[in-house]
Amino acid sequence: MIVYKEPLKNSKMNTIIRNATIINEGKIFNSDIFIKNERIEKISNSISIDPQSNFHEINGENLHLIPGMIDDQVHFREPGLTHKADLFTESKAAVAGGITSFMDMPNTLPNTLTNELLEQKYALAAKKSLANYSFFMGLTKDNWEETLKTDTENVCGVTDDGLYFSKEDGIIANYPEYIEKIFANSNTLIALHSENDAIIKRNTEKLKQEFNEDIPFEYHHIIRNEDACYSTTKELINIAKKYGNRLHLFHISTLAEAELFDNKTTLNKKRITAEACVHHLWFSDQDYKKLGAKIKWNPAIKSEVNQKGLFEALHNGKLDIIATDHAPHTIEEKTGNYFKTLSGGPLVQHALPALFEMYHQNKISLEMIAEKTAHNVAQIYKLKERGYIREGYFADLVLVDLNLPWKVTKENILYKCDWSPFEEQVFQSKIITTIVNGNVVYSNGVFDYTPKGMRLQFSKIR
Ligand SMILES: [Zn+2]
């Protein structure tokens with residue numbers, strides 16, 4: 001179906017995609033698209049190129065072209081936890097899944113708590129990452145002054161996400177006075193994990209009396225329950241409103257929380273934004289019996305009422321974006337009793353196929369997939385020249401066949417951890433080609449490892 005004038009290894013060449021169905025900014029239309037160097041040069045039905053010049057030609061007939069997903073919440077585990085994952089393996093899985101840019105969390109080893117450590121991660125990614133990248137500055141109980149020095153044009157933001165696993169303090173959202181101090185001083189985007197430790201602890205103790213160490217996994221969302229999410233999210237929103245801060249709430253998992261957000265203000269004026277994650281949209285508490293620890297996430301997968309509520313909030317604009325929270329662990333780390341098994345799972349390779357599956361199930365439109373995974377992410381982070389299919393913008397593009405069923409098996413999983421909660425799932429839609437900064441880095445199972453992703457750039461004021 002796809003004809004290359006040259007083999008994939010010459011990905012640096014200019015590319016023309018003919019006759020693709022483009023999904024962009026609320027419209028679906030047919031067009032050719034010419035990519036020159038890193039950027040989209042022309043979107044038109046009458047593009048003529050000198051046939052003597054060197055370029056790839058991709059036949060986009062029967063394929064849909066979307067802006068590459070910008071995933072604002074991944075844990076690629078490098079440095080320090082590379083037995084689980086690393087920047088090369090997971091960025092490879094990401095581009096095969098149609099993710100062209102990612103923002104990575106600070107709970108690597110050492111934790112990313114100084115600007116010096118942060119820059120070391122950027123240096124690693126420059127050598128290893130196939131996708132565009134940004135790394136969050138880590139926020140703990142003792143480093144808020146260091147976070148004020150974060151370079152807001154070159155760093156996506158400041159977050160505590162994941163750090164509570166290695167710090168005694170627990171989740172930082174549980175310290176309202178400290179949060180007030182940060183919000184009063186910070187002028188960057190702060191993204192937080194919101195759950196109430198005291199409620200979780202109380203619920204854990206109660207169930208421990210009943211089950212000892214062997215609490216069944218279907219009680220995970222009874223322990224990390226709706227109240228634990230709602231109470232903290234409500235408090236964070238109130239504090240952010242008081243100071244006018246730019247607050248982003250990761251992985252909202254309940255209907256009650258989603259209801260707290262504003263859908264009257266246009267997105268580029270919102271000071272408080274929120275996201276849903278693919279696993280909270282796909283799974284519900286009904287899946288614990290079958291999948292157990294494989295779907296143990298924090299915040300927990302919750303009831304079907306909450307799952308439906310998240311879709312509703314995506315549709316009515318209370319939830320702005322969709323992310324993965326890709327957080328791989330080895331299968332050994334996911335095996336054992338409730339307390340022994342770690343929370344989190346791999347997702348970047350299967351997030352877009354799962355979203356397109358939800359399109360086939362009439363839960364989300366194609367236009368909304370592009371909006372929530374690309375346009376809106378670019379807007380809320382004030383990302384420069386990405387997230388849209390526009391002339392002059394970076395060519396971060398994905399061709400997808402909506403009707404080419406394939407099954408997730410051990411053999412086609414690309415994560416270093418080598419498992420997926422989607423194993424044996426048949427997806428109707430398949431990512432065919434992924435273009436990052438104008439380079440065809442993935443096509444039909446073949447990768448070009450040569451071109452590396454770029455560091456994401458942001459507007460200074462957010
Ligand atoms: Zn989190």
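**Zinc site**

I looked up the donor spacing of the zinc ion first: in sequence the donor residues run D-x31-H-x57-H. This is a predicted model, where local features need pLDDT of at least 70, side-chain atom pairs count only at pLDDT 80 or more, and totals for chains, interfaces and linings use all residues. Residues are numbered from 1 along each chain as its sequence is written, and side-chain values use heavy atoms, with hydrogens and water left out.

I then checked the ligands. Asp161 (OD), His193 (ND1) and His251 (NE2) coordinate the zinc ion at 1.9 to 2.3 Å. Donors here are N, O and S atoms within 2.8 Å of the metal (3.2 Å for Na, K and Ca); water is not among the atoms, so the site may look incomplete.

Where do His193 and His251 sit? His193 is in the loop between β11 (190-192) and α5 (197-211). His251 is in the loop between β12 (247-249) and α8 (255-258). The pair is 58 residues apart and links distant parts of the chain. Helices (H or I, at least four residues) and strands (E, at least two) are DSSP runs, numbered from the N terminus.

I noted both His193 and His251 as buried (under 20% relative accessible area, 1.4 Å probe, protein chains only).

**Strand β18**

I turned to β18 (residues 430-436). Of its 7 residues, 6 are buried, so the strand is largely enclosed by the rest of the structure.

I traced its partners (strands pair if DSSP finds at least two bridges between them). Strand β15 (residues 397-401) pairs antiparallel with β18 over 5 bridges, and Leu397 stands opposite Ile435. Strand β19 (residues 439-443) runs antiparallel to β18, joined by 4 bridges; Thr434 faces Tyr442 there.

Methods:
Buried < 20%, exposed > 50% of the residue type's maximum accessible area, 1.4 Å probe, protein only.
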